[in-house]
Every structure is written in structure tokens, then in C-alpha cells.
Amino acid sequence: MRHIPVLITEVLEALALEPNHHVIDGTLGDAGHSEAILERTAPNGALLGIDADPESLLRAKQNLYRFGDRVRYSRGNFADMKKIAETEQFGPVNGILLDLGWSSPQFAERGRGFSFEKDEPLDMRYNPDFVGGAQLTAATIVNSYSTDELAQVFKQLGEEPLSREIAQAIVAKRKETLLKTTKDLVDVILTVYRAKLKSTKEIPWIGGIHPATRVFQALRIAANRELEVLKEVLPQAIDILAPGGRLVVITFHSLEDRIVKHFFQKEALTKKVKMVNKKPLVASEAEVSSNPRARSAKLRAVEKV
Ligand SMILES: C[S@@+](CC[C@H](N)C(=O)[O-])C[C@H]1O[C@@H](n2cnc3c(N)ncnc32)[C@H](O)[C@@H]1O
């Protein structure tokens with residue numbers, strides 16, 4: 001399975017690419033966006049691809065093989081983008097792309113516990129071996145945080161309505177045995193929801209959404225410090241860009257989008273950047289029907305003054 005890049009036409013347009021431009025893809029993934037960027041910047045455009053996940057980098061190298069030394073790869077966290085670009089002596093930078101979150105093969109194939117539909121170890125890190133990345137696993141969080149801390153993570157990062165009840169049930173469960181797998185966690189969440197909804201259904205779906213969705217989102221965001229690294233990379237990206245260069249960010253939930261929106265507004269007020277679009281771009285109905293992941297995607301872009 002190859003990840004389907006979202007909003008690809010919109011990304012290329014927002015980056016305003018020209019032949020021979022230099023672009024940083026901070027979330028290389030399966031390199032669908034990067035491939036299109038390299039085609040647009042032919043014949044001599046260069047791309048610096050960053051990813052925290054070693055398997056993403058391997059896959060990207062295969063997918064971008066034909067572009068040879070036009071591509072440089074860096075295994076790292078995009079929170080270190082400025083340092084990585086300096087080390088690689090990569091510039092002048094005409095465009096930067098961040099397509100946040102997980103790629104489809106990470107979710108479906110990596111065995112790192114991103115999906116509540118599988119029984120896998122509760123890991124959820126993009127970077128599984130600590131190199132410049134997250135130290136916390138989802139298992140560490142659920143097995144060591146207090147009830148209050150867990151409730152706060154589920155509420156703030158997952159907007160989970162039963163955050164306290166689920167936190168209490170996790171703490172009660174781990175007194176018997178630690179939660180090691182996604183199934184251990186899903187069982188606790190389903191028990192809480194069944195009791196609350198007085199349901200006997202195996203999965204008491206809530207408006208088409210699996211009851212574990214929000215808790216899993218919250219744990220993934222916490223394990224990878226997703227909101228913090230986003231706040232760290234945005235000013236670096238503006239700093240690195242050459243005048244006239246574009247920064248394009250695709251987010252998948254309101255917590256991320258709010259951070260990007262407020263940062264862009266602040267920078268526009270001080271005339272460091274100008275907005276490329278007044279409103280965030282979203283996927284067309286046709287794209288959403290062929291790629292459900294595009295449903296929640298929002299694209300915002302600025303141009304460095
Ligand atoms: C949505 S996917 C990108 C998909 C890519 N645009 C494509 O077309 O295939 C996001 C990628 O970013 C990586 N990632 C997420 N957070 C990261 C971070 N803080 N630093 C570096 N890579 C990160 C993930 O490992 C994943 O491979």
C-alpha cells in the first residue's frame with residue numbers, strides 16, 4: 001500500500017514552484033508530494049526530505065530513486081529543520097511542505113499500535129528508536145500517568161467526552177495488569193462506553209465513530225509531542241525560507257490547525273509573511289470520496305516577504 005498524497009494539486013499551486021527551485025519536505029512519508037514537487041522543479045530542482053521514521057525514509061528512497069542526487073534524505077525530527085538544513089547546506093529554500101500526522105502504511109502495516117482495529121504493542125511513536133525523537137510510548141503514558149494526567153491528555157488532545165471515566169478505568173485496570181497492547185486499551189474504552197450508554201453491543205459506535213478514536217488520537221499526539229514540535233518548526237521554517245519562498249502546512253485536526261492559523265496571523269501582522277489564501281483550502285468531494293483521509297485535511301500557506 002502506498003500513501004495517497006492529499007490536496008496534491010493545491011500543494012503544488014500553493015508552493016508556486018518553478019524549475020530548479022529548492023524545497024524541503026519535512027514529512028517525507030511515502031514521498032507522493034515530493035515526487036510531484038521534483039517533477040515540477042525539473043531539471044535541476046533539489047529536495048531535502050526529512051522523516052522521523054526510518055521505514056518511511058527507506059520507502060521514500062525507493063519511490064524517488066529516479067531523481068538520483070536531486071534528493072537528499074535526513075532521518076530526524078522536523079523540529080530540528082533549521083539545523084538539518086544547515087548541516088546539509090541546503091538552500092536557498094524556495095518552498096517548505098509539512099503534511100502532518102501518519103502515513104497510511106504506518107497506520108496499517110508498521111505494527112506500532114496506531115490503529116485500534118489491530119492488536120499490536122502500544123507504541124505509537126513515529127520514531128521507534130529514540131534518535132532525536134520522542135521518548136514516550138503510548139504504553140508508558142497509559143501505565144504511568146495519574147488519573148488526572150490521563151484525563152487531561154484525553155480531554156485536551158482528543159476532546160474525549162468520557163476522559164475522566166476512561167482514565168479511572170485505565171488506572172483500575174493497571175492495578176491488576178499493565179496495558180501492553182492496543183486491544184488491552186480498546187477493551188477498557190469499550191467497557192466504559194458500554195456502561196455509559198447501557199449498551200450490550202460489542203462496539204457501541206457513536207455516530208459512525210469507534211469509541212476508541214479520540215483516545216488513540218490523544219495518545220499519538222502526546223507520544224510524539226505533536227503540538228510542541230509543530231510550534232517549534234513554524235518559526236524555523238519562516239527563518240530558513242528565501243524571500244518570496246512559500247511555507248505550506250496541511251493539518252488534520254483543529255488543535256494543529258489553530259496553531260498554524262494563529263502563527264501565520266501573527267507573522268502577517270508584523271509583515272514577515274503574507275497569506276497565500278484567505279481561508280484554508282480543503283479537499284473536493286471527489287477527493288474525499290476516493291481518499292477518506294482527505295476529509296479532515298486543511299491547507300494553509302504563507303509567502304515570506
Ligand atoms: C502524512 S505522512 C506524509 C505523507 C507524504 N506527504 C506522502 O505524500 O507520502 C507524515 C509523515 O511525517 C512523519 N512525521 C510526523 N511527525 C514528524 C516529525 N515531527 N518529524 C519528522 N517526521 C515526522 C511521519 O513519520 C510520516 O511519515
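Colleague: Which residue forms a salt bridge with Asp30, and how far apart are the closest N and O atoms?

Modeller: Arg59 does, with the closest N and O atoms 2.6 Å apart, where a salt bridge is a side-chain nitrogen of Lys or Arg within 4 Å of a carboxyl oxygen of Asp or Glu. The pair links distant parts of the chain, 29 residues apart, with Arg59 in helix α3 (residues 54-63) and Asp30 in the loop between β1 (22-25) and α2; helices (H or I, at least four residues) and strands (E, at least two) are DSSP runs, numbered from the N terminus. Please keep in mind that this is a predicted model, in which local features need pLDDT of at least 70 and side-chain atom pairs count only at pLDDT 80 or more, while totals for chains, interfaces and linings use all residues. Residues are numbered from 1 along each chain as its sequence is written, and side-chain values use heavy atoms, with hydrogens and water left out.

Colleague: And is Asp30 buried or exposed?

Modeller: Asp30 is buried, with a relative accessible area of 2%, whereas Arg59 is partly exposed at 22%; buried means under 20% relative accessible area, exposed over 50%, and partly exposed in between (1.4 Å probe, protein chains only).

Colleague: What about Asp123, which residue does that pair with?

Modeller: Asp123 forms a salt bridge with Arg125, the closest N and O atoms being 2.8 Å apart. Asp123 counts as buried at 14% relative accessibility, and Arg125 counts as buried at 7%.

Colleague: How many salt bridges does the structure hold, and which residues are linked in a network?

Modeller: The structure holds 20 salt bridges, and Arg2, Glu35, Glu39 and Arg66 are linked in a network of them.

Colleague: Changing topic, how much space lies in the largest cavity?

Modeller: About 440 Å³, and the structure holds 1 cavity of 30 Å³ or more. On a 1 Å grid over the protein atoms alone, a cavity is a set of points where a 1.4 Å probe fits but cannot get out, and lining residues have an atom within 4 Å of a point; the volume is the space filled by probe spheres set on the points, which are joined across faces, edges and corners.

Colleague: Which residues lie nearest its centre?

Modeller: Thr27, Asp51, Phe78, Gly101 and Tyr126 do, out of 33 lining residues. Helix α11 gives the most to the lining, with 3 residues.

Conventions. 1 Å grid on protein atoms, 1.4 Å probe; cavity = no way out; pocket = protein on both sides within 12 Å on 5 of 7 lines; lining within 4 Å.
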